[in-house]
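This report describes a single protein chain.

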Amino acid sequence: MDIEKTIKSLEKNGYTVSYFETAADAVNYLEKTIEGKTICFGGSRTLQDLNLKEIVSRKNKVYDPDHPDDDKGFREIAAEGITADLFSCQRTPLAKTAKL
């Protein structure tokens, strides 16, 4: 994939883009830059594998309907998370034209 073309296409479509060579670099960036926010996680095996929820929850309020950690169920946590500052989910297919 021509990453520069993809980045330019995303920016043309109104996205702010940060590109990282490694997953560890991306997680480190997110850990350092996201603080004092509410974040709602959607289903993503990749984000689970990166342990991102646990990392960003150190400095942020995190909602994860798929993995409740108290007596609340999916619907209640999802309803609370709908007002989050940030949403983190998986979007795998991405064309050079930034068509999702």
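The sections below proceed from the overall composition to individual residues.

## Basis of the model

The model is predicted; local features require pLDDT of at least 70, side-chain atom pairs count only at pLDDT 80 or more, and totals for chains, interfaces and linings use all residues. Residues are numbered from 1 along each chain as its sequence is written, and side-chain values use heavy atoms, with hydrogens and water left out.

## Overall composition

The chain contains 5 helices and 3 strands, where helices (H or I, at least four residues) and strands (E, at least two) are DSSP runs numbered from the N terminus. In sequence order, these elements give the pattern α-α-β-α-α-β-α-β.

Of the chain's 100 residues, 25% count as buried. Here buried means under 20% relative accessible area, exposed means over 50%, and partly exposed lies in between, with a 1.4 Å probe and protein chains only. The areas themselves come from the Shrake-Rupley method.

## Helix α1

Helix α1 spans residues 3-12, and within this helix T6, I7, S9 and L10 are buried. These residues lie on the same side of α1 because they cover an arc of only 165° around the axis; the arc is that of the directions from the helix axis to the C-beta atoms. An α-helix has 3.6 residues a turn, so residues three or four places apart point the same way.

The face turned away from the buried side of α1 carries K8 and K12, which are exposed. After α1 comes G14, with a positive phi near 95°.

## Salt bridges

The whole structure holds 3 salt bridges, each defined as a side-chain nitrogen of Lys or Arg within 4 Å of a carboxyl oxygen of Asp or Glu. Side chains of opposite charge can pair when their charged atoms come close. One of the bridges joins E31 and R58, whose closest N and O atoms are 2.9 Å apart. E31 belongs to helix α2 (residues 23-33) and R58 to the loop between α4 (52-56) and β2 (61-63), so the pair ties together parts that are 27 residues apart in sequence. E31 is partly exposed, at a relative accessible area of 25%, whereas R58 is exposed at 59%.

A further bridge is formed by the side chains of D64 and K53, at 3.6 Å from N to O. This pair links distant parts of the chain, with D64 in the loop between β2 and α5 and K53 in helix α4, 11 residues apart. Both D64 and K53 are buried. K72 also pairs with E80, and their closest N and O atoms are 2.8 Å apart. K72 is partly exposed at 26% relative accessibility, and E80 is partly exposed at 27%.

## Surface charge and a loop residue

A negative surface patch consists of D69, D70, D71 and E76. Patch residues have over 30% relative accessible area and no salt bridge; like charges are joined within 9 Å, and nonpolar side chains (Val, Leu, Ile, Met, Phe, Trp, Tyr) within 5 Å. Asp and Glu count as negative, and the place of a charge is taken as CG of Asp or CD of Glu. E76 sits in helix α5 (residues 74-81) and is partly exposed, with a relative accessible area of 42%.

K37 is located in the loop between α2 and β1 (38-41). K37 counts as partly exposed at 38% relative accessibility. The C-alpha atoms of K37 and V56 are separated by 9.4 Å, the two residues being 19 residues apart along the chain.

Conventions
Accessible areas come from the Shrake-Rupley method with a 1.4 Å probe; for residues, only the protein chains shown count as cover.
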